[in-house]
Structures are given as structure tokens and as C-alpha cells.
Amino acid sequence: MAAPREAPERRPFGRRFLTDPARLFQHNAWDNVEWSEEQEASARSKVQENSSQLLPQDKQEEYEVNAKRYWDDFYKIHENGFFKDRHWLFTEFPELAPNRNPSQNGDSAHEFSNKEKSNNEGLGSCENNGHCSLETRAENQLNVIKSTPKICTEELAAQKYSELNQSDGDYPGSSASYRILEVGCGAGNTVFPILQTNNDPGLFVYCCDFSTTAVDLVQNNAEYDSSRCFAFVHDLCNDQSRFPMPDESLDVVILIFVLSAILPEKMQCIVDRLSRLLKPGGMILLRDYGRYDLAQLRFKKGQCLSDNFYVRGDGTRVYFFTQDELNDLFTTAGLEKIQNLVDRRLQVNRGKQMTMYRVWIQCKYRKPTAPQL
């Protein structure tokens, strides 16, 4: 009897390079794609054009004041069906499951590639790890949603957390040995893969969101386990809003396409607050939109709020970063750079023979183990 044939080794997603243009449509995506000077100039020109007309100041203030409502409406529309579970995070950020076997949960990288296919086949439906690529899906559906009474308010949530006596060490997850906070958890597409993948009995995961609707979705998910996870409503921009854990208690803070949704003038204060939550040696992990990403180029004139900051059709906002801007934010907060790289990815719709150039930035910044002099 012949020995069973070994399955061919899969090429990890993130290491697939397009060296032969004739092979363009053989895969869903290609990594580390080099841009030509002409392509860079074209992108720059498109941004200059779509940012030449800024929204009036009163409209900008309206989007800031009503930011919570826009995100609540977003999650009322999409619930947990918009974003895909992010198992790819463990390839990019092994810190989320330090003891994980690379073969656990199958080939996460390959899984991410397949999930990209499901999104990209409908080019013009949804961005991968972002909003609608044509910025229209949520806008078209928004008019069928009417406001509903909130099950709980941030004030009630804050009152609940204030009852936790942190002074004697009694807070959610206080007995854990490894603590992770996901900021901007949405419907749980990051937190639930972490809970499924990281089997460390000492793990405790916190997750928060600006949107009460999003937190309700997490808490009502069948995978939600209050002995390993604590979901709460939190407004990052309100420096008087308390976290349920004390300073220097977290090993990891995760920011996945979150910081870009915040008013640029408030970003530094937020990074400062999050850095204080880290233990010495703890890390902030970030993945977010980079300058000249496809989503930025698709905005129309009249959607720009300020330089590289836009409002989508559904009222939510997005900023497109450079590496230097993110480095300044984190180092100003006293963190040291471990990683700051640009991920230029060419996504392919094989059915329509179309291409999409994505630009994301991925960062890891660590809190020094000894005070900086």
C-alpha cells in the first residue's frame, strides 16, 4: 500500500509576492506590492481633488456631537454580519496567543485569504477590515432604520463600574495573569477569535466600544463568557470616563481600525490614556488605514473634514495615517517602537478581473520596562 501523499505546504498569507504579471488573477491578493512613481502621483492628485472642498464647520461639529449615534445606527443595520472574524490576527500579532501552536485553528493565513475572496467577489460591496468600499452600502440602508431606545446608557455603565472597588484589587479580571483590552470591539470579530484561540487559563479579555449597540451584540453572543471576558461601553474621547481596570494592569491593548475613526486633535490624549493602562513591557498593537488607501481615493469632493480625514455616507469618519504620524503619537506617549510598517496589498476580484490597491499600517509599541530618563 502506497504511503499517503503529504499535502503541499501552503504559502503563508503575507508572503505572496507578484513576480510575474501574467499570474495576477491566480490569487485573491498579493503582498508588499511596489507602487510606481506614476501611481503615487495619481493617488496624491486624487486626494488633492477630493479634499479641495471641506465641509462647513457647523456640519463638522454635527458629526462630532452625533458620532455615537452614527455608530449605533451602523451596528443596528449590520449587527454581527458586516466584519469577518479576524483569525489572521494571530499571524500578524502572535502576542495575542503567546502559547498558540502555529497549526492551531488550521491555517489562519489561508483562512484570511479565503475570507477575502468572499468579500472581494462583490467589488463595491465591502472593504476588507473596513467600511463599504464604495461608501454606499450603509448609506443606502440607513433610511430603513429608526432610532430605538437604548438598553443601557454610558452613564449607567459608568455608574456600574464605579461600584467596583479597585483600591483593594477587586475588579473584573483582577486574578488573571495575562490581560488584553480590545478598544473598539464592534460585534466581537477580534475578541471571540482570541477567546477561542488563546486557551491560557490565566487569560482575561476586556473589550469596549463607543456604541452601546455593539457592546450589546458582544454580550448577547453565545460565545461570550463573563468568566474570561468583560465587555463595556466606553467613550475614549472622554478623559473622565473610567476604565474598569487600574493603570499598569494590561499586557496588550489592541486597536484594529479604531484610531482612524477619532477626531485627529483627540488622538494623542487617547494614546496617552491607553499607554498608562499598560504594564511595563506591555504593548499596543495597531492596524489601521494608510495614506492613499483605496478607500481614501474613492471619497468624493465634499466628504473631507480636514487633511486626510473624511466622513462616510453613513456619518462615521475615517483618517488615513502615515508611519511618521503614528510613530509621533506613540513615542510622545512614552512608548518604544517595536514595529511600524506599511502593508501595501493588491487585492483581486477574479470574477470581474478587477484590482484594488490597499494601504494599511501595522504597529507594535511597547512600554519600557524601566522608567525613561
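User: Which residue forms a salt bridge with Asp293?
Analyst: Asp293 lies in the loop between strand 6 and helix 11 (294-297), and its partner sits in strand 11, so the pair ties together parts that are 65 residues apart in sequence. A salt bridge here needs a side-chain nitrogen of Lys or Arg within 4 Å of a carboxyl oxygen of Asp or Glu. The closest N and O atoms are 2.8 Å apart, and the partner is Arg358.

User: What kind of model is this?
Analyst: Residues are numbered from 1 along each chain as its sequence is written, and side-chain values use heavy atoms, with hydrogens and water left out. Local features need pLDDT of at least 70, side-chain atom pairs count only at pLDDT 80 or more, and totals for chains, interfaces and linings use all residues: this is a predicted model.

User: Is Asp251 buried or exposed?
Analyst: Its relative accessibility is 15%. Asp251 therefore counts as buried.

User: How far apart are the closest N and O atoms of Glu62 and Lys59?
Analyst: Both residues lie in helix 2 (residues 57-65), three residues apart, about one turn of the helix. Helices are DSSP runs of H or I with at least four residues, strands are runs of E with at least two, and both are numbered from the N terminus. Glu62 is partly exposed at 32% relative accessible area, and Lys59 is partly exposed at 31%. The pair forms a salt bridge, with a closest N to O distance of 3.6 Å.

User: How many salt bridges does a search of the whole structure find?
Analyst: Glu62 with Lys59 is one of them. The total for the structure is nine.

User: How many bridges join strand 10 to strand 11?
Analyst: Strand 10 (residues 336-349) and strand 11 (residues 354-366) run antiparallel. They form a hairpin with four residues between them, and Gln353 in the turn has a positive phi of about 55°. Arg344 has Val359 in strand 11 as its bridge partner. Strands count as paired if DSSP finds at least two bridges between them; here the number is 13.

User: Which residue in strand 8 stands opposite Ser306?
Analyst: Two bridges join strand 7 to strand 8 (residues 309-311). Opposite Ser306 stands Phe309.

User: How many disulfides does the structure hold?
Analyst: A disulfide needs two cysteine sulfur atoms within 2.5 Å. The sulfur of Cys208 is 6.5 Å from the closest cysteine sulfur, in Cys185, too far for a bond. Cys185 is buried at 4% relative accessibility, and Cys208 is buried at 1%. The number of disulfides is zero.

Methods:
Buried means under 20% relative accessible area, exposed over 50%, partly exposed in between (1.4 Å probe, protein chains only).
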